[in-house]
Amino acid sequence: MALLNAAPPQTSAAPPEVDVPALTAVLDGRYAAVRDLVRTNLAEYADILVDAEELSIDDFRERVKDVVVEMAATGQTGMGFPEEYGGGGDIGASVAAFETLAYGDLSVLVKVGVQFGLFGGAVLQLGTKRHHDAYLADLVTGRLMGCFAMTESGHGSNVQALGTVATYDPAAQEFVITTTRDDARKDYIGNAAKHADVAVVFAQLEVGGTSQGVHAFVVPIRRDGRACPGVRIEDDGRKMGLNGVDNGRLWFDGVRVPRTALLNRFADVTPDGTYESRIENPNRRFFTMLGTLVQGRVCVGGAGINAAKVALAIAVKYADRRRQFEARSEDEEELLLDYGLHQRRLLPLVARTYALHFAQEVVAGQLHAVFSDTDTPDEEDDQARRELESRAAGTKALGTWHATRTIQECREACGGAGYLAVNRFAALKADSDIFTTFEGDNNVLLQLVAKGLLTDYASDFEDLDQLGMVRFVTGMAVETIVERTSVHKVLERVRDLLPGGDEGDSEAGLLDPDYHLAMLRFREEHLLAGVARRLKRGIDQGANPGEVFSTVQDHVVAAARAHVERLVLEAFVAKVAALPEDDNRVALTLLRDLFALSTIEADRAWFMEHGRLTVQRSKAISRAVGELCRRVRPIASDLVDAWAVPPEMLRSPELVG
Ligand SMILES: Cc1cc2nc3c(=O)[nH]c(=O)nc-3n(C[C@H](O)[C@H](O)[C@H](O)COP(=O)(O)OP(=O)(O)OC[C@H]3O[C@@H](n4cnc5c(N)ncnc54)[C@H](O)[C@@H]3O)c2cc1C
């Protein structure tokens, strides 16, 4: 197999000339106009960044609500809703708009997410025409404010164990909603403390004394600013961030709602009290319902990636102006970005942000395709939906962790100036932190990803809980899983790509994307096969499935993370391959290689432990990462400019000029 590039990268090569607007067009893709509309609106509301620091919590919440309602009037928050209700009828556009909002104040973003994504999305996806007719037009404009009341103090990740109960009363043809115990109060619910008049409440449905599992109901909670009878509302109070969003708690004391309040797309109760659903298996029904809400996860992942862009845009531009120490010439000190260490700290993060951006583009495209497909669902659609859910979970986890890590590094990279609120990092850190937890805790999400991988997304296993999954995996011969994951084939591929084996030329093929992909695929498949082997061994030794799963959980999460990183690299490789041969492609190729090699470098201990890296090769990879950083350095400012964060959102004139 031909090596694409056998020589190590050279600093002396002339840097590519980045065409910034053209690169922005590549990044913005088919939704460039939507993203520009949001950029313009963000710039108009730039003073909200100051309000976030100066207003009282109450005033800031009102301000955020007003901005959200005003933005709704521009159409940018309703792009995913059907046109007959005032929406834009384009799911991909709604994701693009939401992602771009993350350049601005994140309370506004999250309030938009709660109102239109969570509340609106639940009515749209779980409800039927009667609910759409009753609510969508008003919620799209913000005339009707609502909330999404799923989490309880006792249960967040484990939604199937919620304690709120909705009991059907056939005599009155009503559901009676009750908070059955202290920890069944709804908690952290965005919009609940102040602004929502209506809640979509998730509760255990009981019909004729039988529990049918978690279902969603539209429940009025507030009228004329006061809690409805039987509803108790409490404010969650000040939070670490996002203080423009009014999160609160809800209790229901025998609150009656009509039979039609059940969001009945997947299940219904007849007037005389018969439960009906076309999905017989309760587990599958539950996961099908939740699966329709996947857009929220896709959106939060994209928002995390864009929050990271803001931080990097500030830190890179600052590093390109700020001078400290080590005068190279008599009268000027060295630019921070000319220090190798500073390059090493920031530029792999720039590369990873680009990689995640393109991976996000893939998952948003899949979301659009799956949810715009109005044909009768068939098996292929089911498979596509399961893959979408897995990819959305994985990209959300990696994208939001990346935001948290990047924002901290960028803050430090700006020194003391980074600590001043005016320079945005205070808000970025505090407001984006929770992205790793809401819309699914990242560690829990990665376990879902692993479950999909271990069961190969087979529809028969969708209804398996974790323990069922363990039993399934251990019931298969490990060889079957190893065969399916084809580790052995990947091993051969990695060897092919290293002429002379591990002992050969340690620089050879370092910049070959096939080599990068083979390495990440090897890691993923080896980890996955290792999980299967460990599960089987545990069960064979007589341990119970729960115990076995718990023991191997770190391997489970590592396998999922490796899988998602491979998908991210694949997206980057495919994107670059599709570009015309010009300097922008050269620039993105540098970033692609930097992402791939810094990812391998970060896990070099694992690769060495598993015989995939010699000491020499590992050192060659570190050298190549340093060299790539030096080659990216001259174009670093252009690369962050291409994200087109509105200058008003960078806010810090003394940092970014
Ligand atoms: C600002 C904010 C806004 C929110 N908005 C809403 C909203 O509008 N509507 C709504 O319904 N909810 C909302 N939430 C709730 C949010 O979705 C939950 O906090 C989240 O799902 C996590 O649940 P939890 O807090 O109960 O954490 P837990 O599920 O208790 O998790 C705590 C820790 O335990 C770990 N853990 C949990 N299960 C496992 C396991 N099986 N194996 C290994 N580790 C595990 C997790 O990784 C995590 O680190 C919001 C929360 C916040 C803070």
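1. A residue counts as buried when its relative accessible area is under 20%. Keep that cut-off in mind as you read this note on a predicted model. Lys-111 has 0% relative accessibility, so this lysine counts as buried.

2. Which residue does Lys-111 meet in a salt bridge? The partner is Asp-246, with 2.6 Å from N to O. The two come from distant parts of the chain, 135 residues apart: Lys-111 belongs to helix H6 (residues 106–126), while Asp-246 sits in the loop between strand E9 (231–235) and strand E10 (247–252). Asp-246 also has a relative accessible area of 0%, so this aspartate is buried. As a bit of background, side chains of opposite charge can pair when their charged atoms come close.

3. Next, have a look at Glu-99 and Arg-35, which form a salt bridge with their closest N and O atoms 2.9 Å apart. Glu-99 lies in helix H5 (residues 91–101) and Arg-35 in helix H2 (residues 32–44), so the pair ties together parts that are 64 residues apart in sequence. Are these side chains buried or exposed? Glu-99 counts as buried at 5% relative accessibility, and Arg-35 is buried at 10%.

4. Arg-143 is exposed, with a relative accessible area of 59%, whereas Asp-138 is partly exposed at 30%.

5. How many salt bridges does a search of the whole structure find? The search finds 37. Some residues are linked in a network of salt bridges: Arg-185, Asp-187, Glu-234, Asp-236 and Arg-249.

6. Now for charges on the surface. Glu-17, Asp-19, Glu-581, Asp-582 and Asp-583 gather there in a patch of negative charge. Glu-581 is found in the loop between helix H18 (545–577) and helix H19 (583–602). With a relative accessible area of 73%, Glu-581 is exposed.

7. Finally, the cysteines. A search of the whole structure finds zero disulfides. Why is Cys-147 in no disulfide? A disulfide needs two cysteine sulfur atoms within 2.5 Å, and the nearest cysteine sulfur to Cys-147, that of Cys-228, is 11 Å away. Cys-299 is in no disulfide either; its nearest cysteine sulfur belongs to Cys-147, 19 Å away. Cys-147 counts as buried at 0% relative accessibility, and Cys-299 is buried at 8%.

How values were computed
Residues are numbered from 1 along each chain as its sequence is written. This is a predicted model: local features need pLDDT of at least 70, side-chain atom pairs count only at pLDDT 80 or more; totals for chains, interfaces and linings use all residues. Side-chain values use heavy atoms; hydrogens and water are left out. Patches are made of residues with over 30% relative accessible area and no salt bridge: like charges are joined within 9 Å, nonpolar side chains (Val, Leu, Ile, Met, Phe, Trp, Tyr) within 5 Å. Accessible areas come from the Shrake-Rupley method with a 1.4 Å probe; for residues, only the protein chains shown count as cover. A salt bridge is a side-chain nitrogen of Lys or Arg within 4 Å of a carboxyl oxygen of Asp or Glu. Lys and Arg count as positive and Asp and Glu as negative; His and the chain ends are not counted. The place of a charge is taken as NZ of Lys, CZ of Arg, CG of Asp or CD of Glu. Helices (H or I, at least four residues) and strands (E, at least two) are DSSP runs, numbered from the N terminus. Buried means under 20% relative accessible area, exposed over 50%, partly exposed in between (1.4 Å probe, protein chains only).
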